[in-house]
Amino acid sequence: MINCEKASTICNKKQYKEATFLEQIQLGFHLLYCKTCAAFSKKNKKLTILCDKANLHNLSEQEKEKMKVTIEHNS
Amino acid sequence: MVSTSINMTKNQLNPTSWVDQYADYLFNYAVARVSDAEIAKDLVQETFLAGLKSAKNFQGAATERTWLIAILKRKVIDYYRKINSKKGKAEVRINYSSQSDSAGDWLEENVADPFSTLENDQIENAELGQAIQECISKLPKKQSAVFVMKTIRGLSTEDICNELGINPSNLWVMVHRARTNLMGCLNENWFKL
């Protein structure tokens, strides 16, 4: 038996494929009787799908630093 | 009374924080439109420089971000104008196979399928990307840093912990908070119909 806090952590780990097999079984069992966590889990999964679909990009820290330097030189 | 309150909330430019605040947002906007990370990066850089140059023309009517996006929009248009003006590139070529058995119905085949929603997907995804990026920018700094490293840059838990000097359970708490905040934000801004 796990509590809700543990369940949400496992659920978050699962979004990044970092939950162990045992944890996934624990979570699955918890979701059977906990409606709140089941709803959270569903929404969490949806967020992961959205993030994948949006194909997000970010600049790395080095690139940002470079930009900052250029801005400073020009201001 | 009204005019003073407008003056109080007049937007101001703060170039030193531009990169931290808007670089990712602008970068996503550009990537969605030129579909090349290198070019997008250059466009963002050019946008910042152009913003600096014309900072004195900033009226304060729009927010900083709206103003920068407007500049970036021009930069994207300029980019397409430039590559299109190269000789021969502006030519539209329809590659149609010369097989004689399909010679009759080329027009029908080139007409857009009114029932296809495939081309909407891309537009929708670009907008979704911006909505997510906007929500991320509203997160507290630490949460957004962890979320971006984990989700967008796909770094491993260990690497992030080393870089930020936190322990894994700390990291998962941060991820949890970021994700719940994002769900709430996207619920408001994306699913609102």
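How many residue pairs are in polar contact between chain A and chain B, counting pairs with both residues at pLDDT 80 or more? For this predicted model, the count comes out at 10 residue pairs. Three helices of chain A each put at least two residues into the side that touches chain B: helix 1 (4–15), helix 3 (35–54) and helix 4 (61–74). Helix 3 of chain A makes the largest contribution to that side, with 10 residues. Sorted by class, the side of chain A that touches chain B holds 10 nonpolar, 11 polar and 9 charged residues.

Before going further into the contacts, a word on confidence. The predictor scores the complex with an ipTM of 0.85 and a pTM of 0.71. Chain A has a mean pLDDT of 88, and 100% of its residues get to 70 or more. Within chain A, helix 2 (residues 21–33) has the highest confidence, with a mean of 94, while helix 4 of chain A has the lowest, at 81. Chain B averages a pLDDT of 79, with 79% of the residues scoring at least 70. As for the elements of chain B, the highest mean pLDDT (91) goes to helix 9 (residues 168–189), and the lowest (41) to helix 1 (residues 2–8).

Chain A brings 30 residues to the contact and chain B brings 38 residues. Putting chain A and chain B together buries about 3400 Å², and carbon and sulfur atoms account for 68% of that area. On the chain A side, the residues that lose the most area to chain B are Tyr16(A), Asn58(A) and Ile71(A), which together make up 20% of what that side buries.

Then there are the charges. Side chains of opposite charge can pair when their charged atoms come close. The rule finds 4 salt bridges across the interface of chain A and chain B, and the count over all chains comes to 9 salt bridges. One cross-chain pair runs from Glu63(A), in helix 4 of chain A, to Lys41(B), in helix 3 (residues 37–53) of chain B. The closest N and O atoms of Glu63(A) and Lys41(B) are 3.4 Å apart, and the pair counts as a salt bridge because the cut-off for such a nitrogen and oxygen is within 4 Å.

About 610 Å² is buried between domain 1 and domain 2 of chain B, with 52% of it from carbon and sulfur atoms. Tyr25(B), Asn28(B) and Arg65(B) supply 59% of the area that domain 1 of chain B buries against domain 2 of chain B, more than any other three residues.

Arg65(B) turns up again in the charge pairing. Between domain 1 and domain 2 of chain B the count is 1 salt bridge, and the side chains of Arg65(B) and Glu134(B) meet in a salt bridge with an N to O distance of 3.2 Å. The polar-contact count between the two domains of chain B is 1 residue pair, with both residues at pLDDT 80 or more.

Conventions
Residues numbered from 1 in each chain as written. Chains lettered and ligands numbered in written order. Heavy atoms only, no water. Contact = heavy atoms within 4.5 Å. Buried area = accessible area lost by both parts, 1.4 Å probe. Polar contact = N/O pair within 3.5 Å; in protein donor to acceptor, adjacent residues only side chain to side chain. Helix = DSSP H or I, 4+ residues; strand = E, 2+ residues; numbered from the N terminus. Nonpolar A, V, L, I, M, F, W, Y, C, P; charged D, E, K, R; others polar. pLDDT = per-residue confidence, 0-100.
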